[in-house]
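Subject: Structure handover

Hello,

Here is the structure I promised to pass on. Please keep it open while you read the notes below.

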Amino acid sequence: MKKIINKPIAETFGWLHAGGTAVDLPEEPEKIRYVLAPGETRTVVLEDSVPYTEIRAELSEGASLHFIEVKSPDGPEKTYADIHAVCGKDAHFCWTRLLFDGRETCDNCSAELAGEGSSFTADIGYRLSSDHIYDVNCEAIHTGKRTESRILSSGVLADEADKLLRGTIDFRNGCAGAVGSESEEVLLLSENIRNRSVPVILCDEEDVVGNHGASIGRPDEELLYYMESRGLSEEEAVELLAAAKLAAVVNRIPDEKIREEIREKYL
Amino acid sequence: MSEHFLKIKELSAGVDGKEILHKIDLAVNAGETHVIMGPNGAGKSSLAGVLMGNPNYEVTGGTLEFKGEALDALSVNERAKRGIFLSFQNPVEVPGISLENFARSTLESRTGEKIRIWNFRKEVQKALDALEMDRSYAERDLNVGFSGGEKKKAEVLQMLLLKPSLAILDETDSGLDVDAVRTVSRGVREFQKDKEAALIIITHNAAILSSLKVDKVHILVDGRIVTSGGPELIEKIGREGFSEFEEKKA
Amino acid sequence: MSAEKTYVEDVNREFYDFRYEEHAGYKVASGLTEEIIRQISAEKKDPDWMLEFRLKSLEVFNRLKMPLWGPSIEGLNMDNIVTYVRPDTERMHASWDEVPADIKDTFERLGIPKSERESLAGVGAQYDSELVYHNVKKEVAEQGVVYTDIESALRGPYGEVIREHFMKLVPPEDHKFAALHGAVWSGGSFVYVPPGVSVEIPLQSYFRLNAPGAGQFEHTLIIVDEGADLHFIEGCSAPKYNVANLHAGCVELFVGKNAKLRYSTIENWSKNMYNLNTKRARVEEGGKIEWVSGSFGSHVSYLYPMSILAGEGAQCEFTGVTFAGAGQNLDTGCKIVHSAPKTTSHVNTRSISKSGGVSTFRSAVVVGAKAAGSKSSVSCESLILDKESRSDTIPAMDVRTNLADVGHEAKIGRISDEAVYYLMSRGLSEEDAKALIVSGFAENVSRELPLEYAVEMNNLIRIEMKGAIG
């Protein structure tokens, strides 16, 4: 049975059909649970190998979990991941999502920043071609004081690729001193792509700062001229820029060994 | 090398149907350094853009030849592959691509050969040291968040790495402090050692020229070369400015 | 997929402002019957096609569901809405002296038509469901500009033109309140500016809702023909009663080839008003629509003026400010559909929430497959003034061509303590300092308004800011 699992907290106009993509999935997800002790630091790399994964993480005081999820062209055609993390005081949760294409991918990732000073980073990189679909809903729920969130995404759409990104920063009452930012860059390489972005900021607290910025389009002409003046053809320049979108996400992985492994395998 | 390394004859060009350059004649030989001076809005940057093939400019008359080949039909990157290099007045930010990766990609594209990362890194470091830039700049996205001076230095750095046969420096000295001008001109002197390459320096300021060998100076006013001469012209401009030439055309 | 890809290109498609899912527990208003519709139509001396249109709209109204995604409109009990209220006066007046004294007094206190004498090309005033006054300056009328009440125009020489355009941009199927409008609409203005005519000074229309528990459903239809230029100003207000009032007006703007229309609104409905207004413009080749919108009043608002950039090079500029105070839930923004090459849109909005007010910025920018070379930039900033208030930003972008540049920026925050401190160090009270900062924040709109309106808007801000402290 088809169902939409990654509904956002606040919805936009109905006629944009941005409420999520209905996917056909097994009844029961494969469940993974991470419980991090105070101060514990862990990095996990998961390559999408089953269609439906449910991940729950609890981070105690000062814990840090870096969850790197990679969709490779060799994995299942359609995958769905539902990720939810709860952060205690000063805990940090980071979700790095890398999509090296893939037929249909739906993600739901939310982090509840309950503990004072806790933080969440979502770093999403994707490159889609053909008629492939990526539908992602990412939520930072600020309940604790002085919490911080960043939702970053950079991607490339070619052919008839279709991407829908819903990002929500939700400042709940009481999260005084919280800071949230969202930034999105999408490089469009074909006339037949579709890109939908719904960057939401909900604010029920006075003492917060929220920002959002998005830039969607083809490569800047002045930039192409500059690159071509150094001898690159237009195709080479565009390819370099496209590769840079994913490389930028990979480069932000702090663990050098993992970073190099991913670079080696996919870039 | 052959005579007529770069030969510009009766070149006219403009933007959006408005002519900016009128019948420019200029011949540069290998091993020479030419300086183009002129007041703001004279068309100096337009000339650089036309040489590089900036699509914003339209050539409306005359001919452009480089090493015996007409440039008109060549795209920007083909001109670059033939050895033309332009140091931009306002270098563009290239997000996501580090200075080192960018320079390596452009060099590989030009030679068609893979370059060994480690060897190249050493070369980049050497060039960074020579230009008194911190080595960390190699890893930074090209021009992103660079100060005005750092951007200009990064242009000279690319020139040294790419080893073009004709380099055009468009106001590379503007916005630099005294120390930076000295560093940049040291880099330019390094480039001048290549006797098979030529250099065109566009400037309205004599400071960068004081320590460089200059063969010819051209004064560009309102899209026309009004006077050409030797290095003595630089001193004259330094003393008197461009007013004499501006009156001349009026 | 392929069927979906083209649907936004088509103007007459249903742009569902309102959700179509079942709203449990809500029954269709019994206040609205075929009987009432026929009665309205007879009183209006509608042409036959209009009666049919009204009845068809009623049917659509009964079929469509209530919106679910926006602010709650549960306080709006349709059973209590007297959909048609006609003030106890004769119909149109061309001379201000003939307008009954109490209505005249109301408008004069609102500055109408004093401002007309000074700076307007023409004025229309609607009181509850009827236009009570309409006048156009002689020089303007001589240029062939038509500015009249839409009901009499419907029966006059422009009847066919109106029939061709009436609710074609906003069809009754669009959403429940568009259907309601189609069924019970009453009053409003018709403006026609002939090709090449530039109306140098603005035309103004003023709406006043006076009767308690009433609805106002005026229809504004403006056609700016090829190469023509018009600035139209709309002002709205109502006194406060204890029962809910409903405003479900409809504005349809047709901007011809190379024509320009600026549509300015300062809305200050009373705080019991449900403002469910629908505004839409279609812009042809080389034309331009400029929206200037200030939303200060009403209890609940759903307001997203939409621009359909239908011709090559068509442009849209949207400048808005929304101020939500105590008891207000204002959901405002805009929608832009780029459906032709080289179209551009610029959106710049500010919203302010105070004393428990809720303000939501909601937008949609759609760049269709045929909109190669188009550019869009949206910038919205929100200011939240205290812990009780709420401010949400829900923008959406849907891009279906790579040959476009779409940018978006949003910021949310509070007044900087340092700025308040700085102003207080120069002798301002804390209250005045904050009012000054908020006025500056809303400057994107005030600088686009004619001076007397900018002054009025800043007065509104000052009134809203009063008592902000302690």
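Which residue of β9(B) does Met37(B) stand opposite? Met37(B) faces Ile219(B).

First, some ground rules. This is a predicted model, where local features need pLDDT of at least 70 and side-chain atom pairs count only at pLDDT 80 or more, while totals for chains, interfaces and linings use all residues. Residues are numbered from 1 along each chain as its sequence is written, and chains are lettered from A and ligands numbered from 1 in the order in which they are written.

**The sheet in chain B**

Helices (H or I, at least four residues) and strands (E, at least two) are DSSP runs, numbered from the N terminus. Two strands pair if DSSP finds at least two bridges between them. In chain B, 6 strands make an open sheet with mixed pairing. Their order is β6-β7-β8-β3-β9-β10. At the edges are β6 (84–87) and β10 (224–229) of chain B, each pairing on one side only. Neighbouring strands of this sheet are turned by 20° against each other on average, direction ignored. Angles run from 0 to 180 degrees between N-to-C directions, and axes are lines fitted to C-alpha atoms, for helices over the stretch in contact.

Look inside the sheet now. Strand β3 (residues 33–37) and strand β9 (residues 216–221) of chain B run parallel, joined by 4 bridges. Helix α7 (residues 232–240) of chain B lies across β3, β9 and β10 of chain B. This helix runs at about 40° to β9(B).

**Helix pairs**

Two residues are in contact if their C-beta atoms, placed from the backbone, lie within 7 Å. For classes, Ala, Val, Leu, Ile, Met, Phe, Trp, Tyr, Cys and Pro count as nonpolar, Asp, Glu, Lys and Arg as charged, and the others, Gly among them, as polar. Angles under 35 degrees count as roughly parallel, over 145 as roughly antiparallel, 65 to 115 as roughly perpendicular and the rest as oblique. A crossing is left-handed if the near helix is turned anticlockwise from the far one by less than a right angle, and right-handed if clockwise.

Start in chain B. Helix α4 (residues 117–130) and helix α5 (residues 148–162) of chain B pack at about 135°, with axes 10 Å apart. They are therefore oblique to each other. Their crossing is right-handed. From α4(B) come Glu123(B), Val124(B), Ala127(B) and Leu128(B), and from α5(B) come Leu157(B), Leu160(B) and Leu161(B). That contact has 6 nonpolar residues, no polar and 1 charged.

Go on to chain C. The axes of helix α10 (residues 417–425) and helix α11 (residues 430–441) of chain C come within 9 Å and cross at roughly 120°. That makes α10(C) oblique to α11(C). The crossing of α10(C) and α11(C) is right-handed. Their contact divides into 7 nonpolar, no polar and 2 charged residues.

Helix α2 (residues 34–43) and helix α3 (residues 48–63) of chain C pack at about 155°, with axes 10 Å apart. So α2(C) and α3(C) are roughly antiparallel to each other. Their crossing is right-handed.

**Contacts between chains**

How many residues does each chain give to the contact of chain C with chain A? Chain C gives 36 residues and chain A gives 37. On the side of chain C, β20 (358–367), β22 (390–399) and β23 (404–413) each give two or more residues. That side has 16 nonpolar, 7 polar and 13 charged residues.

Strands pair across this contact too. Strand β16 (residues 208–217) of chain A and β23(C) are antiparallel over 8 bridges. Gly210(A) stands opposite Ile412(C).

The contact of chain A with chain B takes 18 residues from chain A and 19 from chain B. On the side of chain A, α1 (221–228) and α2 (234–251) each supply at least two residues. The largest share, 7 residues, comes from α2(A). By class, the side of chain A has 10 nonpolar, 3 polar and 5 charged residues.

Best wishes
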